[in-house]
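Dear colleague,

I am handing over the structure we spoke about, and below it you will find a short account of what was found. Please read the account with the structure open beside you.

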Amino acid sequence: MRALATLFLCAVAAAGAKREVAITIDDLPRSGDNGSRSLVGVQAMTGRLLKPFRQQGIPVIGFANQSREAELGPEGLRQILDLWLDSGAELGNHSYSHLNINDVALEEYEADIVRGEPILRAALAARGQKLEFFRHPFLHAGTTVAMKKGLQEFLDKHGYRVAPVTLDNEDYQFAALYTKPEYKDRVQREYVSYMESIVSFFEHRSVEVVGREIPQILLIHASQLNADLMPELLAMFRRRGYTFVSLRHALKDPAYQLPEEYVGPKGLSWIHRWAATKEMTPKGEPNPPLWLRQATASTSK
């Protein structure tokens, strides 16, 4: 009976909901998809990724790791960031080298955030903009109460707003196989349906945890997969009744002021974090298909 009641509440909420989603893209200039790391290659992928956002006037924000300047050089990285800004996108800090806070001292982690700022700040300042958002690498925010509190105090002091995630997923596993010819077609066939299963799960879970559907925040990565399939991914959201909003707009929803007290090693959706804070029974989002997990494991050996 409880399951039927939950489904009924979800259906009622969905029927009256004005669905909104903010799209956020991590690991600029390019994530781990084994694609070209040359400036020309990254420019081509970036241009294709951003084209539907620019043409359709869809808000998007990218989160950069400045350590990629080692591959592109400072001037090359700046050119890529300028491509994002020229398309109308926003930019945020994802730290310099994507450190895992679970593995380093808080002071080292904070220093890595600061180290990731110079090129970002320069690119934004050239357009009269300021650096505002920070996204935790791996969505890890601290394994102890003291560490989590200390990091938040650091971010507050440096003028950052945390960029939460609700639609967490494993797009990077699909992306890693997409650039391998033997897997490309199957990944292309199954990726969007997997992402739709993630969206459906968190729609229902938000009703259970928050009492209603909320403006969702999607996390995906800068990869050839998302560059090629972005039109299909956007179409999936439209089929489900979504309009596209900025991260700043999504965060105006009162849900994002809910207490979030999760402390631990996992990188979790904020919907899971709110559920943990409320001491609700945990529920996990859908896994990628078994064949993909097995293929990813075998190719990473």
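Let me begin with Gln173, which, apart from its neighbours within four places in sequence, is in contact with Pro288, Leu292, Arg293 and Thr296, where contact means heavy atoms within 4.5 Å. Gln173 is found in helix H7, residues 171-178, and helices (H or I, at least four residues) and strands (E, at least two) are DSSP runs that are numbered from the N terminus. Gln173 counts as buried because its relative accessible area is 11%; buried means under 20% relative accessible area, exposed over 50%, and partly exposed in between, with a 1.4 Å probe and protein chains only.

Before going further, please note that this is a predicted model, in which local features need pLDDT of at least 70 and side-chain atom pairs count only at pLDDT 80 or more, while totals for chains, interfaces and linings use all residues. Residues are numbered from 1 along each chain as its sequence is written, and side-chain values use heavy atoms, with hydrogens and water left out.

Turning to the whole chain, the protein chain has 12 helices and 7 strands, and buried residues make up 53% of its 301 residues. Among contacts between residues at least 6 apart in sequence, 82% join residues at least 24 apart. The radius of gyration, taken over C-alpha atoms, is 19 Å, which agrees with the value near 19 Å that a compact globule of 301 residues would have (the globule rule is 2.2 Å times the number of residues to the power 0.38).

The aromatic rings come next. Rings of Phe, Tyr and Trp (its six-membered ring) pair if their centres lie within 6.5 Å, and planes under 30 degrees apart count as stacked, over 60 as edge-to-face and the rest as tilted; by this rule the count comes to 8 aromatic pairs. In one of them, the rings of Phe237 and Tyr242 have centres 5.3 Å apart and planes at 90°, so this pair is edge-to-face. Phe237 is buried at 1% relative accessibility, and Tyr242 is buried as well, at 5%. Phe174, Tyr191 and Tyr194 form one aromatic cluster.

The peptide bond from Leu28 to Pro29 is cis, with omega near 10°. Asn34 lies in the loop between S1 and H2 too, and its phi is near 65°, a positive value in a residue other than glycine. With a relative accessible area of 55%, Asn34 is exposed.
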